[in-house]
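Open the structure in your viewer and keep the selection tool at hand.

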Amino acid sequence: MTALFDLTGKTALVTGSARGLGYAYAEGLAAEGAHVILNDIRDTLLTESVDKLRAKGYTAYGVAFDVTKEDAIENAFNQLDEQNIHVDILINNAGIQYRKPMVELELENWQKVIDTNLTSAFLVSRAAAKRMIARNTGGKIINIGSLTSQAARPTVAPYTAAKGGIKMLTCSMAAEWAQFNIQSNAIGPGYILTDMNTALIEDEKFDNWVKSSNPSQRWGRPEELIGTAVFLSSKASDYINGQIIYVDGGWLSVL
Ligand code: NAP
Ligand code: GCO
């Protein structure tokens, strides 16, 4: 392992990481030497996932909190402080999807998606950055965007608005925190084979659209996101700030 990508001695918190892309990021960073803190709402699933990583010889912790709840986030970080566990790398991964045409969309569901996919990144990053600045250690913040950070499709307006916000919130983090040696960047995954997309994967018409709309002509796999997450978590990206890297098979680059 080249020192450039070595995460030994670093601690990474990945929100929404009991399964899906979050779990892939956590396992990928652990494989490069990081101690990882998994997060989820559901305690049981979280414990199972932490045990899976520990069984592989990784140092893993689980901290259950709802990323939309300000008090829960602060309590979680205070709990880590008391255990002298300091977050060097934060991946704001937790997110939900809710598909409905805007004219039928309930305000409650609009708000839930915005809170979970966008406001959460502000709340968790604020808690992490305050501590990184106070410790003068610098840090890495990686926000998870989407193809919808750049382009829209019908029926996913709150998700698209949130992911567009993620792209610009990442720029705001760079504007305010780069001076403290905190690099804030984003990853924009394409269509990836996870639970979030089960309904789409099983829909033949949608499956064909995904395969015909991108030059790679296939869905992405969770493990294909790991390299970008390790890169943005490592010394290799110390002079990159405010960027979004699309891991989409080339989708956004072709007509
Ligand atoms: P997923 O399979 O649905 O997993 C989402 C994870 O987030 C779950 O573990 C879920 O917890 C957790 N979560 C949801 N609300 C939470 C909350 N309030 N507090 C804490 N954790 C919460 O989704 P995914 O496909 O892995 O997506 C992960 C991230 O990547 C999301 O931000 C998504 O928008 C983004 N993304 C996904 C794709 C894709 O194609 N899959 C593409 C672009 C971007 P539970 O297990 O308890 O439900
Ligand atoms: C949808 C999907 C997308 C993908 C991803 C694409 O309903 O279109 O859920 O939003 O998950 O965000 O980058």
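Which residues line the second largest cavity? Select N92, N93, A94, N117, S120, A121, I144, K163 and I166. A cavity here is a set of points, on a 1 Å grid over the protein atoms alone, where a 1.4 Å probe fits but cannot get out; lining residues have an atom within 4 Å of a point.

Before moving on, note the ground rules. This is a predicted model, where local features need pLDDT of at least 70 and side-chain atom pairs count only at pLDDT 80 or more, while totals for chains, interfaces and linings use all residues. Residues are numbered from 1 along each chain as its sequence is written, chains are lettered from A and ligands numbered from 1 in the order in which they are written, and side-chain values use heavy atoms, without hydrogens and water.

**Stop 1: the second largest cavity**

Stay with that selection. The volume is about 40 Å³, taken as the space filled by probe spheres set on the grid points, which are joined across faces, edges and corners. Color helix 4 and helix 5 (157-177): each supplies at least two lining residues. Helix 4 gives the largest share, three residues. Helices are DSSP runs (H or I, at least four residues), numbered from the N terminus. By class, the lining holds four nonpolar, four polar and one charged. Ala, Val, Leu, Ile, Met, Phe, Trp, Tyr, Cys and Pro count as nonpolar, Asp, Glu, Lys and Arg as charged, and the others, Gly among them, as polar.

**Stop 2: the largest cavity**

Two cavities of 30 Å³ or more are counted. Now select F77, L80, D81, I85, H86, V87, A128, R131 and R135, which line the largest one. Helix 3 (70-82) and helix 4 (107-135) are the elements that give two or more residues to this lining. Its volume is about 50 Å³. Five lining residues are nonpolar, one is polar and three are charged.

**Stop 3: ligand 2**

Select ligand 2 and show residues with a heavy atom within 4 Å. There are 13, and R99, S146, R153, Y159 and Y191 come nearest. The shell has seven nonpolar, four polar and two charged residues.

A polar side-chain atom of R99 lies at 2.6 Å, one of Y159 at 2.7 Å, and one of S146 at 2.8 Å. The protein covers 97% of the 330 Å² of accessible area (Shrake-Rupley, 1.4 Å probe) that ligand 2 has on its own.

Methods
A polar contact is a pair of N or O atoms within 3.5 Å; within protein, one must be able to donate a hydrogen and the other to accept it, and residues adjacent in sequence count only if both atoms are side-chain atoms. On a 1 Å grid over the protein atoms alone, a cavity is a set of points where a 1.4 Å probe fits but cannot get out, and a pocket is an open set with protein on both sides within 12 Å along at least five of seven lines; lining residues have an atom within 4 Å of a point.
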